[in-house]
Each structure stands twice: as C-alpha cells, then as structure tokens.
Amino acid sequence: MTRLATAKLPAGRGTASRPRPPRASPGQVRGERNCSVARTLDIVSDAWAFLIIREAFFGTHSFEAFRAALGIPRATLTDRLRKLTRLAIFRQVATHVPQRKEYRLTKMGFDLYPSFMALMQFGDRWLAGGKPPPLTLVHMACGCESHPIIACSACAAALNAREVEYRDGPGAGRTPSKPGRNTRRASDESRFVLGRPSSVSRALQIIGDKWSFMVVREAFFGNRRYDKIQAELGIAPNILTDRLSRLVSQGVFLRRLYQQAPERYEYLLTDMGRDLYGSFATMLAWGDRWLAKNKPPLLLRHLGCGHDFHASVICDKCHKPIIAADMQYRLSYDPKAFGALGPRSLP
Ligand SMILES: [Zn+2]
Ligand SMILES: [Zn+2]
C-alpha cells in the first residue's frame, strides 16, 4: 500500500523550510521563479534532446548512428543536434570524410551524466514492469556492479526529499516568463520508447515535459493545493489540470479530498513521486553549475548533517563520484532487435 506523502518537513526544524515567494509590486508581472531546475528543464525537457544526449553517453557520435539508435525522424535529429550544439552541450568535430561532422559532448554535456543516472535509477525502480532493468552498470573505478546513490555532497548520505531545507540564494527572484517556451507535450509520448528499452525513456514519459516536472518541484517545496501551485507557476488552468491528472494516473501523486462543498483536492506525492527527488536535485545542481553565473537562486541544507550541499551521484559500493567515463554497461536485451548499437559493453 502506498503511504500518504505529506511533503512537509519535520516540525520545528527551522523556519526557512521552503523558499519564500518573492513579493511582486502592484501591477508588476509576477513572472517565473528563478530556478536552476527550470533552466535545466528548458534544455533537457525536450525528450528527444535528452535521448540524444543519452546515446552520446553510450559512445554514439554520428548522425546515422543517432538515427539508428533512436528511430528519430531526420529533420527532428538535425534540429536537436543544431540546438544542442548552440547550447554548448555538443561540439562538432571534423572526420576523415569531408563534410561529415561528428558530435562530441562538451564538459557541460558530460556533466549531465548524474541527471541521467538519477532518471535511470527512477525508471529502474518504478517503471521496469517487473522485468530486470535494461542496463546493469559496472563502475570501472572499483570493478563492482553499481547502483548509484544521489547523495549529499557534504556528508555523502543518500538524499531524501524530507530532509532538505531551502532558502533563497543570491540569484533568487523572478524573471518575466518568456512566451512560447518549450512547454507543450509531444503529441505522442510513446515515440520516446521506440528505440532501445530504457529506463530513462520511461522516466521521460512521465516527466519529459517541463510543466509536469515543475508541478513535482512545487510538491517538493510543500505546495500541494491547486490554487497555490497555479499561483506559483503562473500556469494556465487547463494545462495544470491536465498535468495533475496525468501525474495522478501515473502514480506520482495521490489526490485527496480536503474540503467538501465546494469539493477541493490536494495532491500528495506518493513514494514513487518522492523518489523523483534525485532527478530534481541533480538537475538543480547542473543548472547551478552551468546556468546560474555563480548566483544560485536556491540554497539547500541537508538536515541530516546540517550543511549546505549540492546533489552528487556516488557509487553505492566505493562511494566515489560517478562520471560517464568510468561506467560500463551490461545489456539485458539484444540491441540488434531494436536496430540499435550496443552501448559500450564489457570486453
Ligand atoms: Zn549531508
Ligand atoms: Zn564504485
């Protein structure tokens, strides 16, 4: 049975447990809360873009190899590679064939690996449908089969949504929302699981659009009622209703009646929903590192150790930080059956 989530921090553990909404002067557009997760999601919430990055972690470099691995339409792939290059997540390199370029992850691109690990762990735990996870990870630094942990950078303990306190950082505030951002859902989410079996793809089916994940973010801040979430996000009511009902049907939220006549509901994170915290914390850390210009909007304190921290992803066996270059993969499926190339596999 799913335990009711209360998304609330333990009583008496400080007063700054959630970021205070910045006050807007009269007539001022409230805009969007400055948030490193939102900035990261602007880039990676496009599920195709994230899946292309995933393939690059597996060692894919060329246009045709990306196409074969993902079953992605040509024009879409061209568009996303251009976008990711412009954002400095990829750089183009020349090959021995004139006019044929390849794509390599930059340092900034490689640094998305912890977010990728967090999404994979989430997908493995909740969305594998009783089957073994598609990939087994081997950490070459220690030679062990690894189940990475999202940990506090200060004390290396595993993070848990309920043990974190938030306060405004030097970059706190609001920025007017840009119109026409990438917030629409793809018309057919099932396309994202056309390629190889992947826990990351499965996780992106749930949170692969920005609003869905922003609604989950609000839950981590303790906002669980419709009006409050709506006011915080400045989201159109029909979009919010749609995202909430999807997240309920996917098992991320539990809807609970808290008032009769008129009926009012609140949305509580389930155990599964709370487990998205690793993805939230790793994307926040990435956004702080690469997009916040040394001014993080939000500071996090770990109640477990009392220190400010960022999320780091460490090996559960040797407790060293996980980096892409140290990982090898064992597949639980035949890559040829999916027209995909195998990720760099064990010798
Ligand atoms: Zn700690
Ligand atoms: Zn290890």
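Predicted model: local features only at pLDDT ≥ 70, side-chain atom pairs only at ≥ 80, totals over all residues.

Q: Fine. Which residues does G109 touch, leaving out those up to four places away in sequence?
A: G109 touches I53, I89 and F90.

Q: Where does G109 lie, which helix?
A: Helix α5, which covers residues 107–110.

Q: Is G109 buried or exposed?
A: Buried. The cut-off is 20 or more other C-beta atoms within 10 Å. G109 has 22 such neighbours, so it counts as buried.

Q: And how far apart are G109 and A88?
A: In space, 7.5 Å from C-alpha to C-alpha. In sequence, 21 residues separate G109 and A88.

Q: Zooming out, what share of the protein is buried?
A: Buried residues make up 40% of the 347 residues.

Q: How many helices and strands?
A: Twelve helices and 13 strands.

Q: What about contacts between residues at least 6 apart in sequence?
A: Of those, 72% join residues at least 24 apart.

Q: Switching to sheets. What is the order of the open one with three strands?
A: The order is β5-β4-β13, with antiparallel pairing.

Q: Which strands are at the edges?
A: β5 (144–146) and β13 (327–331). Each pairs on one side only.

Q: What's the twist?
A: From one strand to the next, it averages 40°.

Q: How many bridges link β4 and β13?
A: Five, in the antiparallel sense. Strand β4 spans residues 135–139.

Q: What stands opposite L135?
A: L331, in β13.

Notes:
Residues numbered from 1 in each chain as written. Chains lettered and ligands numbered in written order. Helix = DSSP H or I, 4+ residues; strand = E, 2+ residues; numbered from the N terminus. Buried ≥ 20, exposed ≤ 12 C-beta atoms within 10 Å, placed from the backbone. Contact = placed C-beta atoms within 7 Å. Pairing = 2+ DSSP bridges. Axes fitted to C-alpha atoms, helices over the stretch in contact; angles between N-to-C directions.
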